[in-house]
Each structure stands twice: as C-alpha cells, then as structure tokens.
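Work through the exercises below with the model open. Each task is followed by a stepwise solution.

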Amino acid sequence: MPRTDIDWAQLGFGFSDVNCHIRSVWKDGKWSEFEFVKEPTITMHIGASCLHYGQECFEGIKAFRQKSGRIVLFRPDQNALRMEKTAIRTVMPPMPPERFVEACRLVVAANEEFVPPYGTGGSLYLRPLLIGTGPQIGVAPAKEYTFMIMVMPVGAYYKGGLMPVRAVILDDWDRAAPHGMGDVKVGGNYAASLFAHEKAKRDGWPVELYLDAKTHTYVEEFSTSNFLAITRDGTYVTPDSHSVLPSVTNMSLKTVAADLGWPVECRPVPYTEIRQFAEVAACGTAVVVTPVWEITRGEEVIRISSPDVVGEHLQRLYETVQAIQYGEIEDRHGWCCEVSV
Ligand SMILES: *Cc1c(COP(=O)(O)O)cnc(C)c1O
C-alpha cells in the first residue's frame, strides 16, 4: 500500500529517498546477479570511463498504480531496446532487454509503497543508468560497467490540466549533428543543450526547439522531448530525422492517433510549415504532452494559438494515453506491463 506519511498531492519532480535502487556489474564478460542497494550513493574508481570520456546512457520510465489497484510499467520493453541501441553506439555491453525489464519489475516491487495512489496523477519514475565504471585513461572502452535503476515518486506535472508554453529557436547552438548521437539517449546530449536551455529560460522561454544542424531549415525536436503537430485537417505530423531521439511517448501517441482514425505522417518538417499547423506540442515520458502556443526565432514570432487554449487533438491524445496508463480504458496494444508485489 502507498505510504501514508507522504503528501502525494504536493509531490513534484525531484529526488526523494526510497527503499533502494537496483544494481548489476559487468565484469569478465558477464553481468552479475541483480542486487538491491540502500544507499543513494555510489563508489567508483577515479579513472572510470563515464567520468572522463562520457561512457554513459540512461532511460526514463514510469510505473503507475491503476484503478484496479495493480501496478504497471508503461512499455519498459521499448526502453530496454532503446538502451540496448544506445549501449552499442557507445561501445558498452547492453543489458539484455528481458533482464532490463526484470530489473524494472524487481525495483518497483521493492519500492511498492512509493508508487503514488491512484487518483493523485502521480507515478514512480524509474531512471535506468548504464555507465563505464572501469578505469580507462587511454581512450578505449572500459572493462567494467555498472547498470543501475534509480526510482523516485513524482507528482502530476500539470496539477491543473495541460499548460501551454512558449518555445524559442536559438540558431547559435545545435543539439545533435546529422551523424552524431542525437538518436541515442546519452547524458552528453543534455550537457550539449544546457547552455542554450539556461539562456532560453533566462529570456522567458521554458523550452527550446532545434532545427537540423546542417541546414537549419527542418524541425528536429525540443531539447528533451519530441516535436509533434496537428495540421488544419487533423493529421498528426512528426519529424523523421536520424538525429531525433526515438521517443516512446511519440511512438505511443502516433498509435493512439491512428486508432482514433487520424492520418499520421512521419516525414521531414520544414521550419516554414510551422505557421500552418493548428496545434503543436512537445512530448516525452515526464509530461506526456506539453502544448506550445508560440514559437520565436529571432525577430519572427509564430503564434499557433492563444496562451490559454489547449487544442482538442492534444487534449484527446493526452487523456487517452493517461487513461491507458491508469487502467481506465482498454489497453489494446498490451503496453502495460504488470509488476507483481
Ligand atoms: C528522452 C528523450 C525524449 C523523450 O522520450 P520518451 O521515451 O518519450 O520519454 C525526447 N527527446 C530527447 C532528446 C530525449 O532524451
């Protein structure tokens, strides 16, 4: 049962103490058995490759307490496959996908009382990490790796329903090169975007949108979430690019849109097309959908809607995904993965 000494309604998005995290170490060609670790700290060699050469990747997943009382993880198999791909790209040994999902189940079960009660809009956020922990000073992959999953209870991002935001395009900085690491989930992509992000925030824009690094003519994605738009005739459009991170949320929203009978297009999206869209949003695990009502680029300001209006398509997508996650409607595609406690 959920803890009674936590004010679930006030929960934000930040670290808090839980029972344990889970860990496995790769050495001599194999992963160790999973073990639970109580301390929220880790000890590693000062020469660890994650510290010097950025051998690091991560994932973000949520577990929900559903209407029926059961606890489920939302599509952890997709995160497992994505981390496998990222691991290969950064020359780290992948955690086999079935074992990745097993670790998610184990760590959620071990922290069952931190999964927020149904009806509070909260969830247990899982942050799987894979890092090079073996010392490596000559540039080469390390010989030892650590896989961990940190968990923390988080509240509903929007306490009072969806909140549209303004976005900015800053042409002086790129996030990911055409054949770089934009399509894998490495911490370095966030380091690459932090400077522009802080500048955008200081100047009054909560999110920045990136165009393709080579030509700055096509839309790619926001710094930590994918770009999606709804055209005036109700088509779901999202950019197709090698330097965009394949978002599990976007993948799910595309399927929900198709289920609702809306056309779905994954294709290059020219910057000049933005002004024709009826609705624009950022999407990702943390918030599901963030409507964007205005996009600024230099002197040009593109107004998509008024600041207090959430488009009906975005509202519908958001409600449908949440209803699947909380077990309020049928899970037609088998996205919810049960955790036995
Ligand atoms: C994690 C991430 C997303 C969102 O992916 P989800 O699987 O939907 O959470 C989008 N863009 C970037 C750059 C990311 O790192």
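**Exercise 1.** Find the salt bridge that arginine 65 makes, and state its N to O distance.

Solution. The partner of arginine 65 is glutamate 112, with N and O 3.1 Å apart. A salt bridge here is a side-chain nitrogen of Lys or Arg within 4 Å of a carboxyl oxygen of Asp or Glu. By this rule the model has 14 salt bridges. The model is predicted: local features need pLDDT of at least 70, side-chain atom pairs count only at pLDDT 80 or more, and totals for chains, interfaces and linings use all residues. Residues are numbered from 1 along each chain as its sequence is written, and side-chain values use heavy atoms, with hydrogens and water left out.

**Exercise 2.** Which residue forms a salt bridge with aspartate 5, and is aspartate 5 buried or exposed?

Solution. Arginine 3 is the partner, its closest N lying 2.9 Å from an O of aspartate 5. Aspartate 5 has a relative accessible area of 55% and is therefore exposed (over 50%; buried is under 20%, partly exposed in between, with a 1.4 Å probe and protein chains only). Arginine 3, at 31%, is partly exposed.

**Exercise 3.** List polar contacts of the ligand (pairs of N or O atoms within 3.5 Å).

Solution. Start with lysine 185: a polar side-chain atom lies 2.7 Å from a ligand oxygen. Next, a polar backbone atom of valine 248 is 2.9 Å from an oxygen atom of the ligand. Finally, a backbone N or O atom of serine 225 lies 3.5 Å from a ligand nitrogen.

Note on methods
A polar contact is a pair of N or O atoms within 3.5 Å; within protein, one must be able to donate a hydrogen and the other to accept it, and residues adjacent in sequence count only if both atoms are side-chain atoms.
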